[in-house]
Amino acid sequence: MRKLMFVSLLMLSALITFAQSSRVRGKVTGKSDGLSLPGVNVVVKGTTTGTITDLDGNYEIEVQKNQSLVFSFLGYTSQEVLIVDQTELDIILESSSIGMDEVVVTALGIKREEKSLGYGVSKVDKEEISPATGGSVLNSLQGKVAGLDLGSSQGGLGTSSRVVLRGNSSISGNNQPLYVIDGIPMTNENVSEGQGVYDRKDFGSGALDINPDDVENITVLKGPNAAALYGSRAQNGAIIITTKSGSKDNRLGVEISSTTMFDVVGEQYLPKFQNKYGQGKYDNNIPTYDISTTSSSWGPEMTGQSLTSWSGFEDKLVYSPQNDNVKNFFRTGVKSTNTIALSKGNENVSSRFSYTNTSSKGVLPGNDQKKHNLFLKSNMKLANWLKLDAKANYITQETEGGTWLGEATSNAIYGLFMLPRNTNLNSLKKYNYMDTPNDPLVGTQMNPYWTTKQDEMINKKDRFIGFAKLDFKINEWFKAFARVGTDYSVNTIEERYNVGHKQLSTGKWVKNDYTTQETNMDVLGMFNKTFDKLSVGVNVGASIQKLRNSVTFNQGIKAISNGFWNIQNFETKSSAYNTYEKEVQSVYSSVNLGYDNFLYLDASFRNDWSSTLPSDNRSYFYPAFSLSMIASELMELEQIDFMKFRLGYAQVGNDTDPYRLATTLQANTLISHEGQPLIDASEVPGVPNLKPERTSSFEAGFELRALNNRVFLDLNYYDQTTKNQILETPVSMASSYKKKLLNAGKVKNSGLELMLGITPVKNEDFEWESTFTYAKNTTEIVELYEGIDQQLLSNIEDLAGGIQIVAEKGKNGYGNIYGKALKVDGKYLLADATSFDTGTPNKKLGNFNPDALLGWMNTIKYKQFSFKFLIDARIGGEVLNGTSAILSQAGITENTLQYRESGVELSGVNSAGEAITANMNAQTYWSGLANYGEPWIVDATNVRLKELSLTYNFKLDPNSIVKGFSLAFNAYNLTFLYRAEGAKDIDPNQSWGIGNGQGYNLLNVPSASSYGFTAKLKF
């Protein structure tokens, strides 16, 4: 009986205990940004019972009444909560690190703990995406991500910037990273750049459409190791952008921000003009005024003489210096950006809507842009096991007065910089546009006022980016999603050349309609479970990428009625239509293993099938592996908070453009029969056995945090090789083709990346954080095709006697600049006693790649004030100062004052090798130098104060309707702290579009310094 009572009491006690236990569920987020935290340890205190939060930060655990739950996560302060009768418990963890958020968005949009990654990543939060950067998300990355090389835009509003991560790996292909927004790859192609120096235009790349006000954070995955799961387009790394989401607050949240920036072209970005000699030329070695045969400034000294005018609007010209006739042509640019964002939600639905209006006025007259951005993002809990996420982003933009580049006749900068130094701007404003542009310029250059008012370039863009995603929660350890996203854009670009144009006197009209649509569909299953000390994550998925581009071309020549822009208004009409399609099918998987919070092993596998490759080579497989070890979890290290070692290896394949397997046919308007164009073969024959490119990458890294997270170090070394390059190489014209395709070439990139952060001062009122980045990359062309030592990247035949940008075998061979040497064996090559012999052979003059990139970011907070500044440096590399060469030839710049009075005597040899002495006047000397490349190659090293902001956050009553209010002064591209002597009249960081032919500056729209203010209100 007693035994029965004892057993009954035990059973009753167990029942009572069971009745007092319950399941507690909730979500864990970070305080700094409100983002969910996956992988947080949730443990019942004093027991071995525990779980981890899933990819969305959710958890569920069995716990008894009056027990405590402990929430812990690396880089965050642990939190302990006593459970009384709670069943729903959301936790907000506060970061204890120095600006390194421990959760990052990796490939396929999967959130991972940074400590578990075996490769290097960099994260830029919304606070660092400053309005000071001129409204460009890309500019916000400069100097803040080690290994990222960002070239400045070389044109007016809406022109593109080139981004390269860890050097150039493809000789003839794309070296840009992949851009991914909310898990959906986006198109970043440049619509059209034109060819050479006479027909160069830049209509911007897709990344410029990203609205900074909608961005939550950016994660930069550097190299194939980080981006292997994204496939071939991530061969050069990936820039992962996460946009803002709605809150779960029932209260309607309202955010308003307004930024106005003023752009000023300062003298630091302009050539150094001479103001002593005016229009004319040397006649029998005597400077003579001449307006009929030359527009150069080799004339006599300007003393206010009254001379014959070039203009039909005045009889006499006052021959005197016009010191500011270039600077005064530019106007103060203004960019006004205004955003209103609304967010609302509850436990089941949350949404965010924003509208951004941008109105811009460029520094060139007539260069204006209007842009509207509508953004809607929602997520909805349809059931306990089903959630829907969706986004719609519509962008419409119109740019008027787009800029021509280089020596294009319609490039206003060409005409402006070439103005004789006696030209009065007020005289230029008077012209009859029906005649040739009235100006003092002899040659292809035109009156800059005529080109900015009568030549029109209009770019209209409509773009839609959206996705829908269904998340399935099968159980606590298995989830899946299905997603479809599209990126659809229509660009209409018009070029209008009015009657009276110097080269197109009867008028011309060109209209191109570019339509691009990329659709991505993917599914992914995700298994995550912890077995005692072992955590296991397995992801398996598949995707389909479909791309379709089309171009409709219309052109009219010889206007019937001026100013009526329609194809029917032109006597000569032509049109064309081109389209191409591409599809890539993929399957992939990844395995993530973690042991006891200190050892992590990742492996990923992907196979692609590309429609652009032949059937035998269409399928290509590539794996990736990484290992990371948290040494600080294994041992107690005094003053060391965190120490991590990592290793990684990856392969990535790459395909090619469509229709390269067979020789294509097209109508050729240059050959015809009875007025009908004949069919002609393409310039490049097809290659039926093309192979995919392959990039193999090894990476090793080390991370350290010390002194209570007051010091942070992140060090990376990488070594990657790309082989089977798909190259185009010239062939004999006798073959009836211009080029042929080859699978050849091997390019090796290796380098070092360093990020060092310190917090020298931190107390209740004052905090100073300082971050330094350093990156050095070496590119080696290991091999090209047999018998070929050079591959042409860009051929600039008419600049400085002929310039070629090439990739050639050897270390640092990518981006070599070749041109004519000024001397042979240390001696001038002279044609006779008065002139140079320009038959000098080409030689290597420099390389456009920098030796190192540095950034120094500082954030100083004092009470409600926050002060930030960024110093950015580019060390080494060369650039051809083509602007200086052309202006020196015309006697425009200060350097041409040398030898004006005395001439110059040069000793050299003639073509027969005989000693010869030449006596030249200044015009002959400087004009002769302009036919060589060597004198104009300059060191591109520069250090600049890139970014600065001062913000004041007002203290507000917690019960006030206004929840936040801040005012900020912003400045961007302020000044050079150092610039090499030969580059002091240009911005050596300016790039020519996003292509591989870089390394020269030629009559670019000058860079500008930007200053302005931002106001933000939150209700």
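At the start of helix 7, a side-chain oxygen of Asn921 comes to within 3.1 Å of the backbone nitrogen of Gln923. That is a polar contact: a pair of N or O atoms within 3.5 Å, where, within protein, one must be able to donate a hydrogen and the other to accept it, and residues adjacent in sequence count only if both atoms are side-chain atoms. This is a predicted model, in which local features need pLDDT of at least 70, side-chain atom pairs count only at pLDDT 80 or more, and totals for chains, interfaces and linings use all residues. Residues are numbered from 1 along each chain as its sequence is written, and side-chain values use heavy atoms, with hydrogens and water left out. Helices (H or I, at least four residues) and strands (E, at least two) are DSSP runs, numbered from the N terminus.

Stay with helix 7. Why is helix 7 largely enclosed by the rest of the structure? Seven of the eight residues of helix 7 (residues 922-929) are buried, so the rest of the structure largely encloses it. Buried means under 20% relative accessible area, exposed over 50%, and partly exposed in between (1.4 Å probe, protein chains only). The buried residues are Ala922, Gln923, Tyr925, Trp926, Ser927, Gly928 and Leu929. Their cover includes strand 20 (281-283), strand 51 (835-836), helix 6 (882-889), strand 56 (904-909) and strand 57 (915-920). Contact here means heavy atoms within 4.5 Å.

Tyr925 and Trp926 also belong to one aromatic cluster, together with Tyr828, Phe836, Tyr899 and Tyr932. Rings of Phe, Tyr and Trp (its six-membered ring) pair if their centres lie within 6.5 Å; planes under 30 degrees apart count as stacked, over 60 as edge-to-face and the rest as tilted. By this rule the count comes to 30 aromatic pairs. One of them joins Trp477 and Phe527, edge-to-face, at 5.3 Å centre to centre with 70 degrees between the planes. This pair links distant parts of the chain, 50 residues apart. Trp477 sits in the loop between strand 29 (455-473) and strand 30 (478-497), and Phe527 in strand 31 (residues 508-531). Trp477 has 34% relative accessibility, so it counts as partly exposed. Tyr620 and Tyr622 form a stacked pair, 6.1 Å centre to centre and 25 degrees between the planes. Tyr620 is buried, at a relative accessible area of 1%. Tyr622 is buried, with a relative accessible area of 1%.

Charges meet rings too. Lys469 lies over the face of Phe481, 4.5 Å from the ring centre. Arg705 lies over the face of Phe642, at 5.4 Å from the ring centre. The rule asks for NZ of Lys or CZ of Arg within 6 Å of the ring centre and within 35 degrees of the ring normal.

Now the sheets. Two strands pair if DSSP finds at least two bridges between them. An open sheet of four strands runs in the order 45-46-48-52, with antiparallel pairing. Strand 45 (790-796) and strand 52 (842-847) are its edges, each pairing on one side only. Strand 45 and strand 46 (residues 803-808) share six antiparallel bridges. Asn795 has Gln804 as its bridge partner in strand 46.

An open sheet of five strands has the order 10-17-18-13-14, with mixed pairing. Its edge strands are strand 10 (121-125) and strand 14 (184-186). Strand 10 and strand 17 (residues 215-221) run antiparallel, joined by five bridges. Ser122 stands opposite Val220 in strand 17.
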